[in-house]
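Here are a few notes to read alongside the model. Take them in any order you like.

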Amino acid sequence: MRNQRIGDYLVEQGLISQEQLGKVLEAQREANGSKRFGEVIVELGIMSEVKFAQALAGKLMVKYVDLDNVEINTEAVQKVPEALARKHTIIAINIQGKRLTVATDDPVNFIILEDIKVSTGMDTVPVLATKSAINKAIGKCYSMQNVDSVLEGVSQYNDLGEMSQEDADSKDRVESAPIVKLATTIIENSFRADATDIHIEPFKTYTRIRIRVNGDLVELMNISSAVHSALTTRLKLISGMNIAEKRIPQDGRFTQVVDGTTLDVRVSSLPTVHGEKIVIRILSTGQIALRKITDLGMSDHNYELFESMIRCPHGVILVTGPTGSGKTTTLYAALGELAKPNVNVITVEDPVEKAIDGINQVQVNTKAGMTFAAALRSILRQDPDIVMIGEMRDAETADIGIRAAITGHLVLSTLHTNDAASTVVRLVDMGVAAYMVATSLIGVIAQRLVKVLCPKCKTPRLSTDEENKLMGIDHSIQIYDPCGCPECNNTGYRGRTAIHEIIHCTSNVSTIIARNGSKEEIEEAARANGTKLLRDNASELVQCGETSIEELVKATYTV
């Protein structure tokens with residue numbers, strides 16, 4: 001059993017087909033043996049990293065550990081030097097007497113285990129974990145020790161005397177280690193905390209650094225205002241901005257590798273009273289696998305509606321919602337499903353957020369005259385089957401998009417509206433003829449993100465009459481409130497999920513649109529077709545203990 005090859009084992013267990021095994025072995029041969037079987041099977045998208053690790057653990061009869069949901073013993077981590085942990089991609093997770101439990105993605109490599117044994121003088125017990133989870137854990141566990149030393153270095157750098165303005169801006173001074181380390185550490189720690197944005201805000205006596213996690217801003221650290229100028233200059237330097245210009249807003253970008261993942265980092269600077277405020281947007285590049293449409297958190301009913309919509313050969317599908325509601329993720333998931341080798345998919349985006357293999361992606365450049373409308377006109381001469389427009393910002397873009405759909409293309413796009421029904425009214429208001437909207441629109445998906453309650457510390461209680469009214473029920477039920485524990489950084493929430501409202505443009509909805517019907521009429525017809533509104537969707541999540549009543553109000557409250 002132990003000598004059986006992993007590929008044959010996976011086929012035997014019915015996890016992959018013989019044909020898929022052939023593909024993996026062929027790709028491995030092309031890589032001249034530089035890649036392990038597991039790396040290739042994950043790259044080809046045949047199995048997820050977690051599924052493969054679990055199967056491998058079963059074959060080797062080694063315990064599989066999900067590092068995201070396991071308590072890592074700090075004392076154990078400190079037994080293994082960081083350099084050794086990074087060299088072998090391992091992390092010590094537990095210690096019992098003279099035995100050290102070590103998570104590795106290669107539990108049969110005795111050289112690694114021997115290395116750790118020599119370094120720590122302890123017996124090592126291997127458990128299996130995924131490579132990306134180990135890298136993330138190494139980053140998290142060792143970075144906490146690094147932050148203090150970096151801040152210490154910066155404060156010493158500060159104590160060398162006040163810097164003159166020219167000094168602070170000079171490249172040589174900015175390249176000095178403490179500031180470089182501080183800038184790198186801020187981005188690394190934000191990424192490890194699953195933050196989407198970093199705000200560096202100058203005030204009179206200090207600079208505050210906050211990160212946006214699960215949609216809320218959380219304070220990361222405060223630094224002395226004397227360091228602010230050098231830190232902003234460093235960030236402007238690496239993101240390609242003009243460091244001498246401090247009076248106007250600027251934009252830039254750079255890439256940084258954190259725990260083996262390449263991040264695409266967007267930087268925006270804005271002059272304020274006490275100096276420049278920097279906001280950094282962290283986008284993980286295509287190395288992080290695209291979500292499948294089954295991973296979008298849709299209810300079974302909504303999932304069926306969405307699937308039937310993307311089967312249509314031509315027409316317009318719109319995803320709507322405020323900024324940061326996951327519209328692009330939904331569009332990319334749909335594209336991932338549609339991008340087959342026999343179709344030509346072209347996108348126009350500002351900015352291109354994720355590079356996707358097999359899709360032609362166009363970056364909008366307004367300065368050079370490459371607007372959404374200009375790009376769209378030329379794209380329609382590129383023989384596309386599917387066109388994705390990042391956003392319908394103006395009447396011209398909307399008009400071209402709708403016309404493209406009528407001439408036989410499938411068009412996907414986003415709009416900033418509050419719900420699905422008002423999207424139709426908005427298109428007509430933008431100047432697109434109502435009969436054209438009625439004939440081209442396949443459907444509209446409105447979505448929001450709501451935070452998921454931490455399963456460890458949520459506390460149950462009975463709902464009040466007012467809350468029952470909000471949820472649309474007539475009796476009190478058990479609901480949960482956030483509490484806060486070390487697992488969820490005392491926020492009471494862990495991660496987010498999406499709620500959706502999908503309107504399918506059936507014949508009766510199209511008739512109402514064609515005769516310029518109101519938002520209320522469209523909504524009524526859609527509900528008759530089985531559409532569940534955002535509030536119904538959020539209410540279901542509250543009732544099954546996934547989210548709290550505060551999140552329902554925050555995401556769906558209207559006057």
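1. Let's start with C505, which is buried at a relative accessible area of 13% (buried means under 20%, exposed over 50%, partly exposed in between, with a 1.4 Å probe and protein chains only). C505 is in no disulfide, and the nearest cysteine sulfur, that of C312, is 10 Å away.

2. A quick word on the source: this is a predicted model, where local features need pLDDT of at least 70, side-chain atom pairs count only at pLDDT 80 or more, and totals for chains, interfaces and linings use all residues. Residues are numbered from 1 along each chain as its sequence is written, and side-chain values use heavy atoms, leaving out hydrogens and water.

3. How many disulfides are there? The count is 0, taking a disulfide as a pair of cysteine sulfur atoms within 2.5 Å. C454 is in none, with the sulfur of C457, the nearest from a cysteine, 3.8 Å away. C454 is also buried, at 0% relative accessibility.

4. Salt bridges come to 32 (a side-chain nitrogen of Lys or Arg within 4 Å of a carboxyl oxygen of Asp or Glu). One of them pairs E201 with R208, the closest N and O atoms being 2.9 Å apart.

5. H199 is buried, at 11% relative accessible area.
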